[in-house]
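This briefing is meant to be read beside the sequence and the coordinates.

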Amino acid sequence: MKLRYGTATALLLGLALTACSGSPGAGPAAATTITLVETTPAATGDVASVTWALPSGEPASLDPARTGDYSANTVGTNLCESLLRLETDFSTSPGLASGIVQKDPVTVVITLRDGVTFWDGSALTADDVVYSLSRHRDPELASYAAHVFANVAAIEATGALEVTVRFRKPDMQFVPDMAGVPGAIVQKAYTSKAGPAFGTATGGLMCTGPFKLAGWRNGARITLERNDGYWDAGRRAKAAKFDFVFLTDHSTLTSALLAGEVDGVYGAPVGSIAALQRSGIGTLYFGPSTETFSLGAVAADGPAADPRIRQALDLAIDKTSYVAGVLKGAGQPLRTFTPPLSWQGSPAKAVYDAGYAALPDTSKADLEAAKKLVAAAAPTRTDLVIATPAGDQSLLQTATIAQDAARQIGLTVTVRQLQPAEFAGLFYDPGLRQGIDFIATTGYLEVPGALYYAPGFVLEGAPFNWTNYGDAGVTANLVGAVSETDPAKSAERFVAAQAVFGPAKLQITLAGSYNRLFLNRRITGAPASFSYISSSWAALVGAA
């Protein structure tokens with residue numbers, strides 16, 4: 001669930017936060033001082049190999065059209081590059097495209113770099129780009145990024161190194177989306193020949209990135225090797241080999257990091273923050289992020305479909321204590337599911353900031369108000385089911401805290417742990433959501449822009465609008481925001497929509513989580529911000 005001008009040195013954001021309180025059901029939290037940085041110190045040289053953990057497990061595919069989670073993005077963005085690069089501050093810069101210009105409200109022109117080659121030495125062409133972008137529009141492929149192309153009317157090669165995208169109506173989110181997986185480019189000839197096996201252990205890949213796919217042992221590891229013919233000499237990979245291992249158990253992962261068996265990880269377990277900080281074997285970095293922890297309502301009927309029940313559960317959970325107890329201080333309460341980092345580079349930042357500040361602050365619990373909402377809703381049943389992925393202790397704690405909070409306002413919650421594959425299926429298979437009211441989950445934006453996330457939860461028929469939420473005014477403003485070419489006017493319409501759908505709590509957002517990066521002391525260079533999710537980050541990792 002994707003609930004997508006770089007800085008050369010670490011940027012201190014000046015946020016020192018101390019967690020010193022606990023949360024019901026979470027146990028006491030140790031005092032932790034956290035300073036956010038965007039990057040780690042630059043590498044001083046090459047290394048022979050790096051072993052990296054994937055705490056979300058083995059990717060189902062590395063095909064950009066089928067990439068929609070942490071593991072696939074963490075690996076795949078080092079293989080298949082996008083038209084734009086996502087920088088550590090969530091701004092964008094040229095990538096495979098030397099420029100992308102909004103020629104007029106319904107026309108975008110993409111100019112490709114000359115001299116870019118695929119791993120086999122063949123040149124990147126406009127036809128490859130047309131093919132790569134058009135794949136997301138193929139309903140049979142069922143691309144996870146299909147929504148990005150919903151307003152596209154045509155994608156055409158208009159020159160040897162030029163592609164023109166025409167829209168049925170303006171779409172101001174499209175260009176920033178090209179910094180993420182929706183803008184990733186694959187070779188047309190190889191992909192066509194590989195067919196459905198493309199992106200798998202048997203079908204392989206053919207892309208332009210700083211690493212090549214060298215091996216994939218199902219259930220064990222994915223191995224990348226440096227692409228010595230990489231087109232951008234300034235970002236040539238510093239590691240000759242990168243091994244990604246699948247370690248979903250947090251205790252096993254922590255032990256491997258502390259023993260030096262694994263060199264690094266994004267998403268270091270929050271329960272291991274203290275142990276990793278005092279280990280001496282490496283450094284735990286915290287960076288700005290778009291990642292959120294939330295309870296998502298997944299039922300179109302029953303208590304979870306009633307906004308009053310969602311609001312009540314939201315008010316029953318103390319978010320400040322949640323951050324201290326579950327995230328160990330490595331996060332902050334949020335007022336809605338679109339985090340402020342997503343619009344920091346927008347010329348309309350002030351409009352977005354004001355709209356966010358105007359949303360209700362529910363960071364502190366209000367049990368009396370929550371009880372009144374439950375009484376007013378008078379649900380036909382008061383028993384709820386919250387699903388969580390087995391093995392994820394943070395999300396289990398999240399569900400347990402919600403269970404305790406629900407009890408205090410007259411609701412009964414059963415926590416159901418599902419195997420990771422079954423849990424992932426909940427997001428796309430309505431049948432698997434039967435009998436479940438909420439899911440405890442994390443989500444993230446992989447690209448800049450306030451408009452990337454909300455439509456998927458709010459618009460009728462959208463993939464994550466599981467409660468069948470609908471509001472004519474919200475729809476008009478959100479659709480208008482996407483089509484509005486003036487950034488300030490677009491922001492105003494988004495803020496107007498958010499003022500209505502935000503309090504409806506389609507996602508009960510408990511907190512924004514800081515990015516947690518652990519590096520063994522022998523390596524450095526990785527971005528510390530959540531920008532890694534859409535960037536060729538591994539190329540920067542080298543000797544400390």
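The model is a predicted one. Helix α7 has its buried residues covered by elements that include β15 (292-297), α8 (319-325), α10, α11, β19 (438-443) and β20 (507-513). The points below begin with that helix and then move to other parts of the chain.

**Helix α7 and its partner α10**

- Helix α7 is mostly covered, with 7 of its 10 residues buried, and these buried residues are Ile309, Arg310, Ala312, Leu313, Asp314, Leu315 and Ala316.
- The axes of α7 (residues 307-316) and α10 (residues 367-377) come within 8 Å and cross at roughly 165 degrees; because angles over 145 degrees count as roughly antiparallel, the two helices are therefore described as roughly antiparallel to each other.
- The crossing of α7 and α10 is left-handed, and the contact is made on the α7 side by Arg308, Ile309, Gln311, Ala312, Leu315 and Ala316, and on the α10 side by Leu367, Ala369, Ala370, Leu373, Val374, Ala376 and Ala377.
- By residue class, the contact of α7 with α10 consists of 11 nonpolar residues, 1 polar residue and 1 charged residue.

**Helices α14 and α15**

- The axes of α14 (residues 472-483) and α15 (residues 487-501) also come within 8 Å, and they cross at roughly 150 degrees, so this pair is likewise roughly antiparallel.
- The crossing of α14 and α15 is left-handed, with Val474, Ala476, Asn477, Leu478, Gly480 and Ala481 of α14 meeting Ser490, Arg493, Phe494, Ala496, Ala497, Val500 and Phe501 of α15.
- The residues that make the contact of α14 with α15 divide into 9 nonpolar, 3 polar and 1 charged.

**Helix α2**

- In helix α2 (residues 126-135), 7 of the 10 residues are buried, so the helix is largely enclosed by the rest of the structure.
- The buried residues of α2 are Ala126, Asp128, Val129, Val130, Ser132, Leu133 and Arg135, and they pack against β7 (107-112), β8 (152-159), β9 (162-167) and α4.

**The disulfide**

- The structure holds 1 disulfide, in which Cys80 is joined to Cys207 with a sulfur-to-sulfur distance of 2.0 Å.
- The torsion about the S-S bond of Cys80 and Cys207 is about 60 degrees, so the disulfide is right-handed.
- Cys80 lies in the loop between α1 (70-76) and β4 (84-86), whereas Cys207 lies in the loop between α4 (188-194) and β10 (211-217), so the pair ties together parts that are 127 residues apart in sequence.
- Both Cys80 and Cys207 are buried.

- Phe242 has its place in strand β12 (residues 239-246) and is buried, with a relative accessible area of 0%.
- Leaving aside neighbours within four places in sequence, Phe242 is in contact with Val50, Trp52, Phe211, Ile222, Thr223, Leu224, Trp537, Ala538 and Val541, while the C-alpha atoms of Phe242 and Leu213, which are 29 residues apart along the chain, are separated by 9.7 Å.
- Thr398 is found in helix α11 (residues 393-408) and counts as buried at 1% relative accessibility.
- Not counting residues up to four places away in sequence, Thr398 touches Phe293, Leu295, Tyr322, Val326, Ala440 and Leu510.
- Thr398 and Ile317 are 81 residues apart in sequence, and their C-alpha atoms are 10.0 Å apart in space.

**Positive phi values**

- Most residues other than glycine have a negative phi, which gives the background for the two residues that follow.
- Ala142, found in the loop between α2 and β8, has a positive phi near 55 degrees, and at 47% relative accessibility this alanine counts as partly exposed.
- Lys328, which lies in the loop between α8 and β16 (331-332), has a phi near 55 degrees, a positive value in a residue other than glycine.
- At 17% relative accessibility, Lys328 counts as buried, because the cut-off for that term is under 20% relative accessible area.

How values were computed. Residues are numbered from 1 along each chain as its sequence is written. This is a predicted model: local features need pLDDT of at least 70, side-chain atom pairs count only at pLDDT 80 or more; totals for chains, interfaces and linings use all residues. Side-chain values use heavy atoms; hydrogens and water are left out. A disulfide is a pair of cysteine sulfur atoms within 2.5 Å. Helices (H or I, at least four residues) and strands (E, at least two) are DSSP runs, numbered from the N terminus. Buried means under 20% relative accessible area, exposed over 50%, partly exposed in between (1.4 Å probe, protein chains only). Axes are lines fitted to C-alpha atoms, for helices over the stretch in contact, and angles run from 0 to 180 degrees between N-to-C directions. Angles under 35 degrees count as roughly parallel, over 145 as roughly antiparallel, 65 to 115 as roughly perpendicular and the rest as oblique. A crossing is left-handed if the near helix is turned anticlockwise from the far one by less than a right angle, and right-handed if clockwise. Contact means heavy atoms within 4.5 Å. Ala, Val, Leu, Ile, Met, Phe, Trp, Tyr, Cys and Pro count as nonpolar, Asp, Glu, Lys and Arg as charged, and the others, Gly among them, as polar.
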